[in-house]
Amino acid sequence: MSDPQHRPTRRHLLGGGIAALAALPVASALGAPALADPVRPAAASLIDLGPALASVNVRSVAFGQLQDGRSVAYALSNGDPATLSVLDVLTGERIFGTEIPGAELGGFVTPGPDGLIYFTCRSPMKGGLFSLDPVSFEVTLIAEGISGQSVLYDGSFGPDGRLYMGTYPNARVLAYDPATGEIEDYGTQTEDAAYVFGLGVVDDEVWVGTGPVPHLFRIDIATGERTEMQPPAHVMEGTDWFTGIAQRGDLVFVRLSPRGTYDKAVYDQLTETWLEDIVEGTFDAAPTAVSRLNRVYYLQGDVLMAYDLRARRATSVGFEESALREELSGAVGTYGIAASEELPGLPQHTVVGLNTDGVLWTYSVRDGQGSAVIADVLASPAGAHSIGTGPDGAVYMGAYLSSGVIGRIDPDTEEIESLRGPKQADTIVAHGERLVVSSYPGAVAHIGDPSAEWEWPAFEQILELGRGAPNYQDRIFGITSVGDRLAMGSVPDYGQLGGALTLVDPATGEVEFHRDVVPQQSIVTLAHRDGLVYGGTSIHGGLSTSPAQDAAQLFIWDVAAASLLSAEEVVPGAKLIPEIAFGPDGLLWGLAGEGTVFAVDPSTGGVVHRIATGLSFGNSWGLLTSLFARESDGCLYAAGGNALLRIDPAAVTADVVVDGEVRYAALGGNDRIYLAGETNVYRLEE
């Protein structure tokens, strides 16, 4: 599934330079002292180690044919910047490729009836609509930020020749007319959902699906009249989103989320009823066009299946037992498939697909034979989404919605190695001699031995809280060791308030789950000492929610008693406490979202220091910060607000060591500090 999460624009979140600072008011109920002008700028040089992660990350695919008869795939790949590639589907050769300046994430790509290829990109640009001339290969930016929208989803052409699109954040429907250049805004479809994520043209109507509050509308193209459908209970059960709509013959396939693994419901237009059988476990790629056998092909997880339109049932094509499936194992997913009926030049009864990592595969549904080649998709650097130090002393980096990669900096050679991993690693920590990696979606955690031959599928999954009932959790951001167990703090699913504290025993699989430890707040950072877990919260929940509380809190949890000891507002008015860590002085240090560094005496729970920095630490969840102690110099280091700070507990000062292009930082096993910037990794030279 092309993930609905909307990544906040970094340029808006990272803040400006270091300002002159006034004393903090002595207004805390905990009586913390105010400190005047404690931040001092310092100079440091950096050694550029190169791109953190350079990869192919195909998230949108469409298929077509050039004027010379070649069948091609049009592939949008996420990166900094995003890229567009035109690939020969028989050989994988790149016929054309270009970077999309100002965009890091691709949206949809679809051929138009006028012969042009239309696609969208975003971040940091807002919802850019582009066209590609497949003859001259000229790329044109048609419009961006239409009606103030940040994202454009699921473009489909109607019988009137117009391109219909869904949007975020105002759940609008837009229609672009290539003949006139005019854009019609059909307005916000519903006030209780931020996304029109699923959209498809069904005969003379546009079907519109919303989330995270699910509505399914039908808009008459001729009149603009809109009616809401009321799918039956077996369709709506476990459904928070309608994320894809595709008409095939007399049937309409509607993708549902988060139930199952993006299941599909099927609507029969002849009888105007929903079929009882739900098509299970489908992926993001839309079903192929109808084949000569009156079937469409689709993906059930990583297995190619067929759906018989006449019999109204799914059937195997033997893919689950094929050598090709084994060859493709471990891939994040396939975001576009097509049947030979759509692509002249392919053998009859053949299906072709393009994976996120650029592997182009074909499979014969007649004889069960398949093959795969690495297509020459134009790659680009990917910025780090997370950073952490493993038990081997290496620094590991996760990427945002990647094709399944993790970067590793060798502490001896400082070479950056690209390894297979989850599509989005949120938190990376050491637990004894093993490495723990949490990933999105569904609040998943894996554990493995990084010293063994690296094989990401071999990492053991020890937790999946799940986006749906009963846990409603989506992202694990705080992880700390508690003896043999792990404590994990999480952010809930879209539309939900209330994160969770979960304790997991990797050896036994035993899980202890506590939601709403701090009511209606997410848990984004954790630390442990002497049987107590300390946690920092965010007032924000999943996307498309409004906070119900006013200030973030620092809480203390008694592990043995499985109970909350306290929860306090340690920085007045702070919306977020993105990081906490114990310092060499025995105090618990932390960052507050509005720019305060603070220290708490764990023996009393009282705030003993506050340092104002003039920075902004993190976003709604706390994804753009780091905090760690360094024994060799007795200091702590904090990454946040586009800067690296050195916090001296003895002097109670915070020096700006690096100002600019700092997203994350980590301390390697070689006692060197590594920083992740927009795309490159740097080592602090001292």
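Q: What makes the pair Asp68 and Arg70 a salt bridge in this predicted model?
A: The closest N and O atoms of Asp68 and Arg70 are 2.9 Å apart. A salt bridge requires a side-chain nitrogen of Lys or Arg within 4 Å of a carboxyl oxygen of Asp or Glu, and therefore the pair qualifies.

Q: Why is Asp68 called exposed?
A: Asp68 has a relative accessible area of 52%. The label applies over 50%, so Asp68 counts as exposed.

Q: Why is Arg70 called partly exposed?
A: The relative accessible area of Arg70 is 31%. Buried means under 20% and exposed over 50%; Arg70 is therefore assigned to the class in between.

Q: What makes Arg683 and Glu414 a salt bridge, and which parts of the chain does the pair tie together?
A: Their closest N and O atoms are 2.9 Å apart, and the limit is 4 Å. Arg683 belongs to strand 58 (residues 680-685), whereas Glu414 sits in the loop between strand 34 (405-409) and strand 35 (416-420), so the pair ties together parts that are 269 residues apart in sequence. Both Arg683 and Glu414 are buried.

Q: What makes Arg467 and Asp493 a salt bridge?
A: The closest N and O atoms of Arg467 and Asp493 are 3.3 Å apart, and the cut-off is 4 Å; the pair therefore meets the criterion. Arg467 lies in the loop between strand 39 (460-464) and strand 40 (473-482), and Asp493 in the loop between strand 41 (485-492) and strand 42 (500-504), 26 residues apart. Arg467 and Asp493 are both buried.

Q: Why does Arg59 count as buried?
A: Arg59 has 4% relative accessibility, and buried means under 20%; hence the label. Arg59 lies in strand 4 (residues 58-65).

Q: What makes the link between the side chains of Arg59 and Tyr335 a polar contact?
A: The distance given for this contact is 2.6 Å, and the limit for a pair of N or O atoms is 3.5 Å. The side chain of Arg59 also makes a polar contact with the side chain of Asn57, at 3.1 Å.

Q: How do you know that strand 52 and strand 53 pair?
A: Strand 52 (residues 626-630) and strand 53 (residues 635-640) are joined over 5 bridges in the antiparallel sense. Pairing requires at least two bridges, so the two strands are paired.

Methods:
Residues numbered from 1 in each chain as written. Predicted model: local features only at pLDDT ≥ 70, side-chain atom pairs only at ≥ 80, totals over all residues. Heavy atoms only, no water. Helix = DSSP H or I, 4+ residues; strand = E, 2+ residues; numbered from the N terminus. Buried < 20%, exposed > 50% of the residue type's maximum accessible area, 1.4 Å probe, protein only. Polar contact = N/O pair within 3.5 Å; in protein donor to acceptor, adjacent residues only side chain to side chain.
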